[in-house]
Amino acid sequence: MDSSLPCLILFILIGLIKCSVDDHHRNSTFHYDYCVLGAGPAGLQMGHFLSKAKRNYIILERNSGPGSFFNKYPRHRKLISINKIHTGRQNREFNLRHDWNSLLSDKPDLLFKRVSSEFYPPADAFPLYLSMYVKELGLRVRYGVDIGRIRAVQSSTSRSYVLTDQHSTEYKCSVLLVATGLWVPQEVEFVGSDLVEGYESISTNPEDYKDQVVLILGKGNSAFETAQSILGRASHVHMVSRNPIRLAWQTHYVGDLRAVNNELIDTYQLKSLDGLVEAHLERLVIAQRKEKGNGRSGGKEHSKEKKGQLYVTLNKYIQNQEEKNVSDVTAEELPGYHIDNFSMRKPYDRVIRCLGFRFNFSIFDSSACPPNSGNARGRLPELTPWYEGHNTPGLFVLGTAAHSRDYRLSAGGFIHGFRYTVRAVHRVLERRYHSNLWPSTKLLTTQLQSWILKRVGEASGTYQMLEILGDVILLRGSHCEYVEEFPLQALPQFSSISGHEVSSHGLVVLLMQYGKKKIDYLGRGRAVTDWTKAWKSNFLHPVLYYYDTLPTEKEMKLRPHGWPLPRPKAIHHMVEDFLAEWESPISHIQPLRRFLEHCVQTDLRAFYAESCFRSSLTRRKPPLFCRQGYLKQQGVAHSRVLRHHAHGSGLIPTEEDADTSGADSAFSNYLAQAEASVSSGLKLDF
């Protein structure tokens, strides 16, 4: 008997067992409370919160590792998310304002700076960071699962989602959290679009563009990133899109063109062969020239043209309109025949499409597919203010794909923004499915001013997600409840989403916002320094809105144009600060205190022990600071004899001598200019 035969039989048996196990997995169904689709930064961020809460979840990833998008994109391998390591501060929350790549966790050292110290880091560093994040937090990720279909299953009592992968394995969950990002290239259909190269497949070797004339469709960061990489090799680089460029430092929107990529603006404005053009891409035609016809652009010039070059013309000049897929044109169909100084009259060696990406709607069954949002020309799904798909209860969208809620307004499409919206979604889930209240901090009213100053000085969530996430302060008389980073557009549903009730004392909402006036942001007079004109601040600054009742959905819809919230009972702008440190005693702290006194209708000044002792002897009700601090809310025992003696000695003023007229005139005028209602005076609670 051959000695190798037993080994062969053993291998066959092992193979049969393995195949049997694989077939079992391929035909089985796995059940989870939460399914997170995608192991990119948003999916892993949600995985951390679910893991911390000890929930039954799984993260499904089609590739072999986390953050696979960054293995390819950006194509020229430099991130434009800043990585500012040295801030001069040790405050971790403050430092996250300037760290746009790290995810949130309970480990203070689990930060992106461990894999890169560069201000604009290499893209290859990000998958390394995400792998480290998964490993150190022990997140449950299943790789190699390519979900091809998602459908909803409705029972008499509940709704669930079933995800089917490439092996027909099913994953059933009560809540589906879609964190797939945007990776499907955005395309525009026009005649000749098949002759265009895509950003996703172009060569990244600058030598391949040597002495070529290149036309780039698009003027976003991917377009300028591509242009910048070939500026030193291509002879001409032209860029065309529907709109003029929008610079991030002018619009304050991080998704607009960043300075790190905009060298072509210099070469255009200084007339060095490069240029920017505006045109509707749908009206363009990209074609090759037919070898017939004698037009104005023929003759000697035509003989210099390279074979296979591409021409740009317009739909209206094409003679055979019924031929939608025409691939070549005559001289009479070129715009130069009709307009001799047409911007793009010269032929191009390459035309490159750099129009960004869109959400992948194709994997969703009709029962589970969220509708297209009106924002971003339908590239994103339409969501509720708490990031749940419209008409798809239990399906939430996270990360870049959830940017429809704040498109061109805030940073929700980027890591430094959506790490906070993901946390907000997790808090929504904890309330809805596990009856846990939105986290809050209970404070004495006398502590409120200090807490607000702490938040505006260091908080990163409201700083990055300006006008989208805000702190809600529930006033309750002598104390208050501080709820951090609530989705502002969901304010009418605050009580049901957070589990906290609004009392008759009202609420204050704290958020960050820019001024609404269009100015020259590098010109003289761009900054406001006078606190009485704080409402004219142009740069990022804190704003407080006071409401006596919760705004309604109708009020939210009818709010003034450009306002993040409906018109309040009173509003307070903290004047912008060059250092972004709102702690100056006169310009920041005193106006804030007077506004809060207006809201809570009591004196919020701080007193020394001697003053509290005097007040306890001379006033029926000492200031709130003394009652909650020095006197520990005990007060002074009532005594008619003591009070009569105090009157006689002049320690207690008579009613004629008492001045309760309230705030100084500058503060009242300031509130009036800010279009806030102002009482005739502050009712100090003495």
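Visitor: At roughly what angle do the axes of helix α11 (residues 448-458) and helix α15 (residues 585-600) cross?

Guide: This is a predicted model in which local features need pLDDT of at least 70 and side-chain atom pairs count only at pLDDT 80 or more, while totals for chains, interfaces and linings use all residues. Residues are numbered from 1 along each chain as its sequence is written, and side-chain values use heavy atoms, without hydrogens and water. Helices are DSSP runs of H or I with at least four residues, numbered from the N terminus, and axes are lines fitted to C-alpha atoms over the stretch in contact, with angles from 0 to 180 degrees between N-to-C directions. The axes of α11 and α15 come within 10 Å and cross at roughly 130°.

Visitor: Which residues make the contact between α11 and α15?

Guide: Contact means heavy atoms within 4.5 Å. From α15 come I589, L592, R593 and L596; from α11 come L448, Q449, I452 and L453.

Visitor: How many residues of helix α11 are buried?

Guide: Buried means under 20% relative accessible area (1.4 Å probe, protein chains only). Among the buried residues of α11 are R455 and E458. The helix is largely enclosed by the rest of the structure, because the buried residues number 8 of the 11.

Visitor: Which residues touch the most other members of the largest nonpolar core?

Guide: A nonpolar core is a set of buried Ala, Val, Leu, Ile, Met, Phe, Trp, Tyr and Cys residues joined through side-chain atoms within 4.5 Å. The largest has 121 residues. Those touching the most other members are L44, I150, L163 and L177.

Note on methods. Buried means under 20% relative accessible area, exposed over 50%, partly exposed in between (1.4 Å probe, protein chains only). Helices (H or I, at least four residues) and strands (E, at least two) are DSSP runs, numbered from the N terminus.
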